[in-house]
Amino acid sequence: MTDWSSIGPLAVFIGAIFTNNILLTNFLGMCSFLAISREVKSSVGLGAAVVFVMGMTNALNWPIHYYILVPLNLTYLGYIVYIVVIAASVQLVEMVVERVSEPLYRALGIFLPLITVNCAVFGAVLFMFIRRYSFIASFAYGLGAGIGWALAIIAMAGMRQKIAKAKIPRGLEGPGIALITAGIMALAFLGFSGMIPAQ
Amino acid sequence: MADVSARPAAAVKPGSKAARTFLDGVGRNNPVFVQILGICSTLAITNTVANTVVMCLGLVWATAMSNFSVSILRKWIPARVRMIVETLIIAVWVIVVDIALRAYLPDVSRQLGPYVGLIITNCIVMGRTEAFGLANPPGLSLLDGLASGLGYAYVLLIIAVVRELLGSGSLLGIRILGTWWTNWSIFVMAPGAFFLLAVLIWIVKGAILREEKK
């Protein structure tokens, strides 16, 4: 087993984007990945919203876990608490963005509620506790995982726009060809492994 | 796909709603092949058969029990907050699975890592409570949850068997293929899972398309 807790925040950040891409190596967030990644524009919107929410939920859940749940011996309630925190922070992000920047709200608006049920967000929270990251590393991991996810979905959308014009077997249309493309992307991302020495 | 799922299964006599509910989840409305739902964990934990079996049991349990409890509470859940209520109900059943695993199978629990907890955000569980549990009586919901869970489980098992056999040359940790077999390590890693699921979807979709043509 790798000792994840000894890796520095910067390495965690880069690793989360490339070597441990949450979508292509951990398969999280596949549902919205397959549903949304038909257009580059909406993928960019969703990607940005995910980066935002992931950074925030990781930063919020870390102190809640270590300063409230652990001292009170309530860690078995963890899943419920994390989910509620994710739902609440998505709501909060939505309200803040609406007040601060109208155009950004219009761009992200429809995607924000979708994020509550995105397993990548919840997965990032669970991974940071399992790997015992420090607070800074957890935040870096949240941001990195979000960016990695956004990168994958935007690249995928670009490819699917081209694939839509190509001639492929009828049975493969839609999810089939998307999965094969994702597989080839995952192969390409395997090339990054070894970039972070500790893994 | 609507016309396919609306047609009652041929083998079931008309009127037997329970049987139809069950067959729908396992076959014509299979969550993985037809609805392409919940494939996150389909891919992540299927590189060994043993882990997959445990994961499947957890998922069948969570789907059936959440569907059952949502159905019991359906008259009292306000429509506006139903999503978060459903999520919390699912979380409770998943926590039960997690605690049981940690107590009785600590090694498997460690290997599965976050994926047990991620059953909460698995779209299949949520989708069934939303689409079925909220509108149907508890008994039927329990059955529907079981069927959807099993429909998901056997797909997972097919994938796991192929991945472990080709990727490590073994099944349930026992070496099946002899020393002549060179492991296709790509099947243990992420890309293999993507390719395999794509091929399975291709086969199933091809069969559905052929049937439609007739």
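Author: Two residues are in contact if their C-beta atoms, placed from the backbone, lie within 7 Å. This is a predicted model, in which local features need pLDDT of at least 70, side-chain atom pairs count only at pLDDT 80 or more, and totals for chains, interfaces and linings use all residues. Residues are numbered from 1 along each chain as its sequence is written, with chains lettered from A in the order in which they are written.

Reader: Which residues of H4(A) meet H3(A)?

Author: Helices are DSSP runs (H or I, at least four residues), numbered from the N terminus. H3(A) contributes residues including A:Phe52, A:Met56 and A:Leu69. Their partners in H4(A) are A:Gly78, A:Val81, A:Tyr82, A:Val85, A:Ile86, A:Ser89, A:Val90 and A:Val93.

Reader: How is the crossing of H3(A) and H4(A) classed, roughly antiparallel or oblique?

Author: The axes, lines fitted to C-alpha atoms over the stretch in contact, come within 9 Å and cross at roughly 140 degrees, on a scale from 0 to 180 degrees between N-to-C directions. Angles under 35 degrees count as roughly parallel, over 145 as roughly antiparallel, 65 to 115 as roughly perpendicular and the rest as oblique. H3(A) is therefore, relative to H4(A), oblique.

Reader: Which helix gives the largest share of the side of chain B that touches chain A?

Author: The contact takes 33 residues from chain B and 32 residues from chain A. On chain B, H3, H5, H7 and H9 each supply at least two residues. The largest share, 11 residues, comes from H9(B).
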